[in-house]
Protein chains: 2
Amino acid sequence: MSRFDIRPATEADWPAIWLILEPVFRAGESYPYPRDIDEAEARRAWMELPRMTCVAEEAGQILGTYYIKPNQPGQGSHVCNCGYVVSSTARGRGVASALCEHSQQLGLELGFRAMQFNLVVSTNTGAVRLWQKLGFKVLARLPGAFAHPSEGDVDALLMFKALA
Amino acid sequence: MSRFDIRPATEADWPAIWLILEPVFRAGESYPYPRDIDEAEARRAWMELPRMTCVAEEAGQILGTYYIKPNQPGQGSHVCNCGYVVSSTARGRGVASALCEHSQQLGLELGFRAMQFNLVVSTNTGAVRLWQKLGFKVLARLPGAFAHPSEGDVDALLMFKALA
């Protein structure tokens with residue numbers, strides 16, 4: 001299995017990151033970004049507002065990306081939140097899993113004590129299974145909390161893991 | 001029981017609103033705003049970013065305030081989030097309850113289909129009981145998700161209610 005590196009994203013990575021994010025945001029089936037989000041707004045959300053953004057790279061190709069940020073300000077800021085997107089051409093190679101493991105380690109290094117996913121779409125069963133395999137627990141099922149573009153209001157899961 | 005009105009906040013209400021918010025934010029026991037938040041940042045969070053901000057008023061005195069906003073962007077934006085603060089001099093008069101009822105009605109009028117509180121501090125038992133009385137269910141207990149200034153990391157509750 002050829003290996004990829006995971007490293008902090010740079011400004012120069014943005015065009016390649018956007019190529020990966022745009023189809024996922026336009027589809028609107030897994031993240032609650034407005035489906036018509038423009039590139040500047042997406043860049044702000046993925047690269048500027050988070051504490052840090054990383055990419056998985058192999059031979060100059062960006063395979064996937066994640067951000068990490070405090071899930072809440074102030075007294076909630078020791079719990080982090082992450083989002084992960086993998087290129088459609090790099091599925092099935094363990095990239096999402098590697099990104100999530102990397103983010104947990106980085107979260108610890110940044111001083112976070114837990115990680116929370118606020119809105120895992122229940123129909124995104126691959127993601128739910130993967131996060132469970134990586135130690136995340138479903139703490140809540142939010143009824144109809146995600147307005148899926150083709151399936152209507154579907155449940156979303158709150159998933160949580162203490163970082164130790 | 002003398003009655004108060006609940007109405008949209010105006011720019012002119014801000015000084016009175018800040019008088020109510022500041023001690024609560026400084027104490028840091030119920031909301032995850034940074035305890036050292038400055039007035040401009042607080043105003044942005046309470047008055048500018050939300051969809052709407054309301055106040056409870058009686059004879060020119062502001063007794064309490066709440067904001068309402070989408071809890072998530074895009075496909076999560078049909079679920080709203082609110083925050084409520086009542087003046088220490090107006091406790092025990094049903095102001096919080098009236099603000100919450102008002103916010104549910106306003107939420108419906110604004111097209112929201114549910115209301116979610118992301119981080120109800122478990123030690124804030126009065127609030128937990130009140131929200132339950134008003135029909136909110138505890139969907140998750142987030143372990144240690146609130147760094148309480150005197151009690152350390154305490155659990156926070158995710159509370160949710162469908163608006164119908």
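**View 1. Parallel pairing of β4 and β5 in chain A of the predicted model.** In β5(A), A:A114 is the bridge partner of A:V79, where strands are DSSP runs of E with at least two residues, helices are runs of H or I with at least four residues, and both are numbered from the N terminus. Strand β4 (residues 79-86) of chain A pairs with β5(A) in the parallel sense over two bridges, and two strands are taken to pair if DSSP finds at least two bridges between them. Helix α4 (residues 125-133) of chain A packs on the sheet and touches β5 and β7 of chain A, while its direction makes about 160° with that of β5(A). Contact here requires that the C-beta atoms of two residues, placed from the backbone, lie within 7 Å; axes are lines fitted to C-alpha atoms, for helices over the stretch in contact, and angles run from 0 to 180 degrees between N-to-C directions.

This is a predicted model, in which local features need pLDDT of at least 70 and side-chain atom pairs count only at pLDDT 80 or more, whereas totals for chains, interfaces and linings use all residues. Residues are numbered from 1 along each chain as its sequence is written, and chains are lettered from A and ligands numbered from 1 in the order in which they are written.

**View 2. The open sheet of chain A.** Seven strands make up an open sheet with mixed pairing, in the order β1-β2-β3-β4-β5-β7-β6 (chain A). At its edges stand β1 (5-8) and β6 of chain A, each with a single partner strand, so one side of each is left without a neighbour in the sheet. From one strand to the next, the twist averages 25°.

**View 3. The β6-β7 hairpin of chain B.** Strands β6 (residues 137-148) and β7 (residues 152-162) of chain B run antiparallel and are joined by eight bridges, and the hairpin that links β6(B) to β7(B) passes through three residues. Two of the facing positions can be located by residue: B:R141 stands opposite B:L157 in β7(B), and B:V138 stands opposite B:M159 in β7(B).

View 4. Contacts link 27 residues of chain A with 26 residues of chain B. On the side of chain A that touches chain B, β5 (114-121), β6 (137-148) and β7 (152-162) of chain A each supply at least two residues, and the largest share, nine residues, comes from β6(A). The residues on that side of chain A divide into 17 nonpolar, eight polar and two charged, with Ala, Val, Leu, Ile, Met, Phe, Trp, Tyr, Cys and Pro counted as nonpolar, Asp, Glu, Lys and Arg as charged, and the others, Gly among them, as polar. Of the interface residues of chain A, 96% are also interface residues in chain B, so the copies meet through the same surface.

**View 5. A positive phi at A:A59.** A:A59 lies in the loop between β2 (52-58) and β3 (61-70) of chain A, and its phi is near 50°, a positive value in a residue other than glycine. A:A59 counts as exposed, with 8 C-beta neighbours inside 10 Å; a residue is exposed if 12 or fewer other C-beta atoms, placed from the backbone, lie within 10 Å of its own, buried if 20 or more do, and partly exposed in between.
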